[in-house]
Amino acid sequence: MKYYIAAVLGKESNNYVNHIQRRVCKKFKLYRNNARLHIILEVADGPNDLQKVFQIIESVIKPYKKFKVLMDNNISCDGENKTVNIKIEDKGYIIRLARQISEKLKIYGFNTKGNINNINLNIKLGNMGHNT
């Protein structure tokens, strides 16, 4: 089973990024993502044990409350996934959380997508047209 582990933005941050999303999607004629804005920390594939995934995530995030995430001022395009994203800077708690979650999942036998040494976090703003 495939698990997407994501950090959801708070209400104020969501409103701020949503405003950016609307402007970018309008300017570049992108398809807006209607899901709540989030940062995917890890994509894991492994045993069909959702309880174990919850236990791992709870053990990692327990000491953290709300925290700030720094966004890069540049918007990037991912040609492979045909998405437009805002890159998250490689600083602070978010990188530590992503690294710890990835390490713990690997210890418990899950196959993770990310490379611990090269974590690339971003917020997806929209999808490019699929007319190619």
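The second largest pocket is lined by 26 residues, and Val 8, Leu 9, Gly 10, Phe 67 and Val 69 lie nearest its centre. A pocket here is found on a 1 Å grid over the protein atoms alone: it is an open set of points where a 1.4 Å probe fits, with protein on both sides within 12 Å along at least five of seven lines, and its lining residues have an atom within 4 Å of a point. The structure is a predicted model, in which local features need pLDDT of at least 70 and side-chain atom pairs count only at pLDDT 80 or more, while totals for chains, interfaces and linings use all residues. Residues are numbered from 1 along each chain as its sequence is written, and side-chain values use heavy atoms, with hydrogens and water left out.

The space in the second largest pocket comes to about 670 Å³, where a volume is the space filled by probe spheres set on the grid points, which are joined across faces, edges and corners. Strand S1 (2–8), helix H1 (11–28), S3, helix H2 (50–61) and H3 each give two or more residues to the lining of this pocket. These elements are DSSP runs numbered from the N terminus, with helices being H or I of at least four residues and strands being E of at least two. H1 gives the most to the lining of the second largest pocket, with 5 residues. By class, the lining of the second largest pocket has 19 nonpolar, 2 polar and 5 charged residues. In this sorting, Ala, Val, Leu, Ile, Met, Phe, Trp, Tyr, Cys and Pro are nonpolar, Asp, Glu, Lys and Arg are charged, and the others, Gly among them, are polar.

The largest pocket has a volume of about 780 Å³. It is lined by 26 residues, of which Ile 40, Asn 81, Lys 113, Asn 120 and Asn 122 lie nearest its centre. Two or more lining residues come from each of strand S3 (38–45), strand S4 (71–78), strand S5 (83–88), helix H3 (93–107) and strand S7 (122–127). The largest share of the lining of the largest pocket, 5 residues, comes from S3. Sorted by class, the lining of the largest pocket has 9 nonpolar, 12 polar and 5 charged residues.

Some single residues can now be placed. Asn 14 lies in helix H1. Is Asn 14 buried or exposed? Asn 14 is buried, because its relative accessible area is 15%, and buried means under 20%, exposed over 50% and partly exposed in between, with a 1.4 Å probe and protein chains only. Leaving out residues up to four places away in sequence, Asn 14 touches Leu 9, Arg 36 and Leu 37, a contact being heavy atoms within 4.5 Å. Lys 66 lies in the loop between H2 and S4 and, at 85% relative accessibility, counts as exposed.

Next come two helices. The 12 residues of H2 should span 16 Å at 1.5 Å a residue, and its end C-alpha atoms are 17 Å apart, which agrees; the expected span is 1.5 Å times one less than the number of residues. Val 53, Ile 56, Ile 57 and Val 60 are buried in H2. Seen down the axis of H2, its buried residues fall within an arc of 95 degrees, so they line one face of the helix. The arc is that of the directions from the helix axis to the C-beta atoms. An α-helix has 3.6 residues a turn, so residues three or four places apart point the same way. The face of H2 turned away from its buried side carries the exposed residues Gln 51 and Glu 58. The cover over the buried residues of H2 includes S1 and H3.

H3 has 15 residues and reaches 21 Å from its first C-alpha to its last, close to the 21 Å expected at 1.5 Å a residue. Its buried residues are Ile 94, Ile 95, Leu 97, Ala 98, Ile 101, Ser 102 and Leu 105. They cover an arc of only 160 degrees around the axis, so they are on the same side of H3. These buried residues pack against S1, S3, H2, S5 and strand S6 (111–112). Just after H3, Gly 109 takes a positive phi of about 90 degrees.
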